[in-house]
Amino acid sequence: MPTPQSRRERPAKPALTRDGIIDAAVLLMEQEGLQRVTMRRLAQALDTGPASLYVYVANTAELHAAILDRLLGRVDLSADPGADWRERLDSVLASYEQVLFAHPALAQAALTARPAGENYLALVESLLALLNEGGVPDRQAAWGVDILLQRSTASAAEHSARREDSNAERDWIQLRQALATASPDTLPHVRAQADNLVSGTPTERRRWSIETLLNGILATDPHAR
C-alpha cells in the first residue's frame, strides 16, 4: 500500500481569486461547454468546495456574466481610424458578433446576461465615442447602444444556433420552397417577395440593419411623441 502523505507535505493549492476563478471557468467552458459550467463543476475543477466560490461569485448567472465579460476582451475595438465613423462602428459590432458566434451557448446566454465588467464597459465606451463622433445626441446615443448590442447579440445567437443544428440546412431549403410556392391568392406579398425575403449575404444584411438602426437613432428623439 502507498505510504500516506501528510497534508503538510502536499504542495499548497494556489489561493483562490476572482480572476483565477473566471480563468478556470472560461477554460472549462471551452473544454466542456457553457452548460457544464456550474458552481459545483467549477469547484471540482479547482479542487475546492462550492462554498469557497460563493465568496467571489454570487451564483451561476453571475459566473456566466463574468465569463461573457472576459471574452468581450477579445472584441477588436481598434477600428481603422481613417474610416468613416459608421464603418468603424460596424467593424466593432462585427467583431462582437464573431466573439459570440465562436461560443454558441454563450451567444444564447448573452441575450439575458448582464455583464458589468471592464471589458463590457470598454465596448460601451467605444460605441458611445463613435456615436458621439457621428453627432448623435447623448440620450439617443445611450439608448442606441442598447439597441445595437441587442441586435448584434440576437444575430450571433441565431446564427450560432443554426450552426449547431444538424437540420439547419434542411430547414432553410424548406423555407425557400415554402416562400416560392406560397399561394398568390392568399399570400400575394409573400409570393412576390419570395426571393427578396432570403436574399443578401449575412454581411450585407448586418450592414443594412446597422445602417437602418443608426438612421433611426439619429432621427428619433426619445422625448418626441
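Ser 91 lies in helix H5, which covers residues 85–101. The model is a predicted one. Is Ser 91 buried, partly exposed or exposed? Its relative accessibility is 35%, so Ser 91 counts as partly exposed; the band for that class lies between under 20% for buried and over 50% for exposed. From Ser 91 to Pro 137 the sequence separation is 46 residues. In space, their C-alpha atoms are 21 Å apart.

Read from the N terminus, the order of elements is α-α-α-α-α-α-α-α-α-α-α-α.

How does the chain fill space? Its radius of gyration is 23 Å, whereas a compact globule of 225 residues would come near 17 Å. Along the principal axes, the C-alpha atoms occupy a box of roughly 85 × 45 × 35 Å.

| Property of the chain | Value |
|---|---|
| Residues that count as buried | 35% of 225 residues |
| Accessible surface | about 14100 Å² |
| Part of that surface belonging to carbon and sulfur atoms | 52% |

The chain carries 24 positive and 29 negative charges.

Technical notes:
Residues numbered from 1 in each chain as written. Predicted model: local features only at pLDDT ≥ 70, side-chain atom pairs only at ≥ 80, totals over all residues. Heavy atoms only, no water. Helix = DSSP H or I, 4+ residues; strand = E, 2+ residues; numbered from the N terminus. Rg over C-alpha atoms; globule rule 2.2 N^0.38 Å. Buried < 20%, exposed > 50% of the residue type's maximum accessible area, 1.4 Å probe, protein only. Areas by Shrake-Rupley, 256 points an atom, 1.4 Å probe, with all protein chains shown as cover. Lys, Arg positive; Asp, Glu negative; His and termini not counted. Charge placed at Lys NZ, Arg CZ, Asp CG, Glu CD.
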